[in-house]
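These are my notes from a reading of one structure. I set out to look up its strands, its nonpolar cores and its pockets.

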Amino acid sequence: MPTPFLGLYNDLLELYIKEDMDSICLSDDGQTIWNAETTGLDMNEPEQKHLLEVILSKFRVNISDDGVLDVKVEKEKFEQGKYSLLMAMFAINDMTSQGSSIFQKNVKMLMMDKRVNAVPQMQIKGRSGIDFTFDYVVSRPNTEFLVQAVGNLDKNNLAAFILGMEEVKDYRRLVSDKDIRGLLIVNDLEKTVHKELLQALVNRQLDYVLWSKKEESPAWVEINSI
């Protein structure tokens, strides 16, 4: 099953589907891990192995001994399975960007140091019934920020973030009775971020923070205020 998303080598990502009675198994046929390792990424290195385990746990995706990613769902939850597998593939691709794991750790540590009232890895059900996972949900008196941190902003993770916000914003506003804002924290220390990607966030009234200029960002100041 071809998708409109691009992989590490600008080839279209494909999902492989196998039906079994009332369930469906979706897999990547091992391409995600194989491509990541061809860039020099060592999945057996402790820090990378830990990050991989976090990603798989976050999206409830399995991995075989030969590196095949898969998720098994009931047929009526096909869209959830497809979303979960694609998000795991995007996140693993993001691991290949220089300093990605360090960036994720730095975001987490700085939030802890500043005692940000953040709930990590929070799942929120969207209007289509799909569970969307955000890296952090930060609660302020009148506002709730749904936060993602990306080591390498591209069209894939940008589209995923925009979709997630469109799906959950209205429902989350009803639950929390607060203004709901999306915030993307972007690593710009290793690679220049394309302006058109940032403009797409602005056009949809979503906030972003460039890591090198975080102290200048009103959104960053707001989530860190006590």
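Before counting bridges, I noted the rule that two strands pair if DSSP finds at least two bridges between them. I also noted that the model is a predicted one.

**Entry 1: the sheet.** I looked up how β8 and β9 are joined. Strand β8, residues 131-139, and strand β9, residues 143-150, run antiparallel and are joined by 4 bridges. Within this pair, I found Val 147 of β9 as the bridge partner of Tyr 136. I then traced the sheet as a whole: it is open, has 5 strands in the order β7-β8-β9-β10-β11, and its pairing is mixed. From one strand to the next, I recorded an average twist of 35 degrees.

**Entry 2: the cores.** Which residues have the most contacts inside the largest nonpolar core? I found Ile 92 and Leu 153, in a core of 52 residues. Helix α3 (residues 78-95) gives the most to this core, namely 11 residues. I listed what Ile 92 touches beyond four places away in sequence; among these residues are Thr 32, Ile 33, Met 43 and Leu 69. I also noted a second, separate core of 16 residues, including Met 111, Phe 145, Leu 183 and Val 209.

**Entry 3: the largest pocket.** I recorded a volume of about 900 Å³ for the largest pocket. Its lining has 37 residues, and Leu 51, Val 54, Gln 104, Gln 121 and Asp 135 lie nearest its centre. Elements that give two or more residues to this lining include α2 (46-59), β7, β8 and α5 (155-176). Which element gives the most to the lining? I found α4, with 8 residues.

Conventions: Residues numbered from 1 in each chain as written. Predicted model: local features only at pLDDT ≥ 70, side-chain atom pairs only at ≥ 80, totals over all residues. Heavy atoms only, no water. Axes fitted to C-alpha atoms, helices over the stretch in contact; angles between N-to-C directions. Core = buried A, V, L, I, M, F, W, Y, C linked by side-chain atoms within 4.5 Å. Buried < 20%, exposed > 50% of the residue type's maximum accessible area, 1.4 Å probe, protein only. Contact = heavy atoms within 4.5 Å. 1 Å grid on protein atoms, 1.4 Å probe; cavity = no way out; pocket = protein on both sides within 12 Å on 5 of 7 lines; lining within 4 Å. Points joined across faces, edges and corners; volume = space filled by probe spheres on them.
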